[in-house]
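This report looks at how the chains of one model meet.

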Amino acid sequence: MAALLDVQDLNLRFPIGGGLFRKPLTLHALTDVSFTVEEGETLAIVGESGSGKTTLGYAISGLLTPSSGHIRFGEALSGAVEDRPVQLVFQDPFSALDPRMMVGDIVAEPLRLAGVPNKERQERAETVLGQVGLNAESAQRYPHEFSGGQRQRIAIARALIADPKLIVADEPLSALDVSIQSQVLNLLNKIKRERSISYLFISHDLGVVHHLADRVIVLYLGRIMEIASREHLFATPSHPYTQALMRSVPRIGRGRRQPGQSLKGEIPTPLAPPPGCVFHTRCPKAQDVCREAVPVLEPAPGRPGQMSACHFKD
Amino acid sequence: MLRYTLTRIGQAVLVLLVMTVLLFLLINLMPGDPVDNMLEGNPSLTAASAAQIRELYGAGVPLPVRYWNWITAAVQGDFGYSSIYFRPVAEVLGPALGQTLKLMVATLVLSVPLALLLGSLASLRPGGLMDNLISFFAFASISLPNFWLSLILIIVFAVQLGWLPASGTPLETNPPIWLEVRHLVLPVLVLTMFFVGPLVRYVRASMIETLSSDFVRTARSKGLSEPQIIIRHALRNALIPMVTVLALGFGGLFSGSLVVETIFGVLGMGKMIFDAIRYVDFNLALIGLLLATLVTLISNLLADLAYAWLDPRISLK
Amino acid sequence: MMIAAPASVAEIQDAHSQASGAATPLLRVQDLTIAFPAAVGREAEVVSSISYEIGAGEALGVVGESGCGKTMTSLALMGLLPPAAQVDGAIWFDGRDLTKLSARAWRSHRGRDAAMVFQEPMTAMNPVMRVGDQIAEVLVRHEGMSKRDGFSRAVQLLASVHIPSPERRAQDYPHQLSGGMRQRAMIAMALACRPKLLVADEPTTALDVTVQAQILDLMLELQEQHGTAIQFISHNLAVVSEIAHRIMVMYSGRIVEYASVGDLFANPLHPYTQGLIKTLPEMGQPGSDLYTIPGTIGGKRPPGCRFSNRCPLADAGCRQAEPALREVAPRHYVACHKVN
């Protein structure tokens, strides 16, 4: 099966500051990122703030231009003009919708940009609103009349209307209340089943990722630490950073926590990433080699599908 | 910080240079010819001396050359002669600058603390009685015309009560300080009234926002008293956006107090520039406008330095 | 075990502590109601007649979604409610009813007897004041220290929350610290006067998971060192379960369930608590549909039980009378008509 999306050696650097007489600093947002997304697959990008996960989503949606490397879409995506290959769903359902536009117009906007006639736009907007669980009258109302969860449904409807093959969803659940999160999560699952759509699902929430993802990329300071199927990643995490992430996630039913297991320190600034392995400043396994040589992303011992960038991977 | 200041001064010099070109061009586009004006005022001039004057003023010389002649003289401190005062421009502008600076400094010294006090008081209980009274005062300050307020103050304090002189400058050549202060009271009052209203509104808005911020809540959770919270935590944060407003207001005050200067008979920069343009006094108008530019540049530079001093998040490197 | 007449938790617990001979708890909230002047589309009562207690050195977790009243309850303990708030009931803290305090007495309570840590470490500190000075300020206020002594104590406090090079950090301004370090500094500030109660409102929500784990470790460590009681508020059941001894679940201004962490997860009784646990993604099979609580948060409260419009068990009785919080097993309280 041909890959829907093929990302090769993607690098993204931003100049920061600088002035008339000063050299700007370079922010290394993404370094040598390569992966593919298959048709109908959900690939999750996991990382903490400063890991570059949002930047990656923007680069793939075409909102940011890579400094080097390729982002190629497979043949499945060269369809009609109105079929934008990628649609985005943002984290904050409150600021992502224009408060002065009616919901129907918001949802139909991708079609308007593609020149679809008004009548067809309205019909398709109502259909897609129905698919995300909102009634047809919603089209005549304004975003402020809806709750956070409903607004995220509207944002999803807008992403769906142009029938994209890939949806980049950047933390679509984290602004929602717990009981609403599961509703939206089920909606995303339903869409995936019905449309064989692919998701690039950006999240810091490992619980959600475990539930939704087929494969997972763990990002740290702009580099891929580990990439593996969900089963492997959660059952046998290979990279020390992945292992630390798993340990950090609070779980119910463990009782009061045992202190002393958490990762030390904090993520360094992407303006001056550490030499060698970018994780060595916090890694419990770090040796001299880690401070000098950048580890290659290669299969974990005995698990060919699980790639890990660590000199001492499990 | 030093490096930043030096860079900024360099930039200001650059802006000033560009402004000389622009102003020189603009003033040369003005209708009217200074020599014609002079001839009209003095019919006894012969054609020969008229030609001589024209030559002296550089008629027939191309504009860029004239500009070059003017700027090279100006940087050496020779600003030329004023055609309406028949004296060197420096001699005319010097006292005017002094008068204006006295008015401005007195106005600032009065209005900034007043604005901080009134604005903060109003912000404590938005919508309360105090807030309403202060807002009324601020709106009155914004909307009362200068000339009207000046006349009312003159009628009340100079004419009826006879407490204060109606003019802004003493008649004596070397007046004692107290006399000068007495003469400044009314114009400074009017200018303060004009200047303080918008400031009060800004302080109030800025304080209301600051008082609802998270760190003020933190300060409350520490058990600090309201005066401690306002003085130590809120005011300094609320002051930061005020700096721009002040800098802009300062520039406006420099050349914009024409009405007050005229009514109180103060020969300040506003009146000087106005007259110079009206009577096509090239040299005086040019230097007057350049001074106004300079004051705006300096007050903006001071504003940026004040920003860095008030807000550690801004580093002037 | 059945109780004939619904009694308030405080009365029940009173009976308990008398029976067991335990001392009075550090904090006892009795029938606390917080209301605001009615506004269009908003309920006037944000907290309705809730009662609970926290023993000395105990960590209570308060869990609920937006609008459940958990933040208002915390602010009430600190006297930090907006001026328009009307407070009813009693908050007994160390033998005094806080609701009766004068403004002056509140100020000496805040920061000394009880202290608070907030959600957003980015905005909770004064951006134009050095971190050390902000910590020293509490000590100057309550311990009568000089500014200088306060500052050197602040350096020690920064060291005690494991901030590297505390001397330098005390001289820094908040923006020079990372989010995690700022939250550590906030905790240092809160604990400066060794308060008996620490109120923490979503203190780890804005942080990354690895930093969240560090902050939870730190809070546990300090609690064990100083025996500080904690009221820890969060929307995240899992976070609360790692730090609390007991958990109180709130919904729409009411306590719906109140039990020890073990009891609550082993035997959740209220349909809302059950729903909250079942909706967690880690509870479901990957790819399968998760359990969802129908309906939305907010909007008009239904008559009777406030959860009745979203409850799978609700019947006509639930829509008529509001259930009282009762003890259905030892120290396990629930407010539901359907629980025996």
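## The model

This is a predicted model: local features need pLDDT of at least 70, side-chain atom pairs count only at pLDDT 80 or more, and totals for chains, interfaces and linings use all residues. Residues are numbered from 1 along each chain as its sequence is written, chains are lettered from A and ligands numbered from 1 in the order in which they are written, and side-chain values use heavy atoms, with hydrogens and water left out.

## Chain B meets chain C

Chain B gives 20 residues to this contact and chain C gives 24 residues. Contact means heavy atoms within 4.5 Å. The two chains bury about 1900 Å² between them, with 60% of it on carbon and sulfur atoms. Buried area is the accessible area (1.4 Å probe) that two parts lose on being put together, summed over both.

Two salt bridges link chain B and chain C. A salt bridge is a side-chain nitrogen of Lys or Arg within 4 Å of a carboxyl oxygen of Asp or Glu. Glu137(C) makes one with Lys222(B), and their closest N and O atoms are 2.7 Å apart. On the chain B side, helix 9 (214–221) and helix 10 (226–256) each supply at least two residues. Helices are DSSP runs (H or I, at least four residues), numbered from the N terminus. That side has five nonpolar, seven polar and eight charged residues. Ala, Val, Leu, Ile, Met, Phe, Trp, Tyr, Cys and Pro count as nonpolar, Asp, Glu, Lys and Arg as charged, and the others, Gly among them, as polar.

## Chain A meets chain C

Here the contact takes 38 residues from chain A and 50 residues from chain C. The buried area is about 3700 Å², and carbon and sulfur atoms give 53% of it. In chain A, Ile252(A), Arg256(A) and Arg257(A) lose the most area to chain C, together 21% of what that side buries.

Chain A and chain C share three salt bridges. Arg193(A) forms a salt bridge with Asp289(C), with the closest N and O atoms 3.8 Å apart. Helix 5 (178–195), helix 6 (206–212) and helix 8 (240–248) of chain A each supply at least two residues of the side that touches chain C. The largest share, nine residues, comes from helix 5 of chain A. The chain A side divides into nine nonpolar, 18 polar and eleven charged residues.

## Two helices in chain B

Two packed helices are described by the angle between their axes and the distance between the axes. In chain B, the axes of helix 12 (residues 269–278) and helix 13 (residues 282–310) come within 8 Å and cross at roughly 145°. Axes are lines fitted to C-alpha atoms, for helices over the stretch in contact, and angles run from 0 to 180 degrees between N-to-C directions.

Helix 12 of chain B contributes Met269(B), Met272(B), Ile273(B), Ala276(B) and Ile277(B) to the contact. Helix 13 of chain B contributes Leu284(B), Ala285(B), Gly288(B), Leu289(B) and Leu291(B). These residues divide into nine nonpolar, one polar and no charged.
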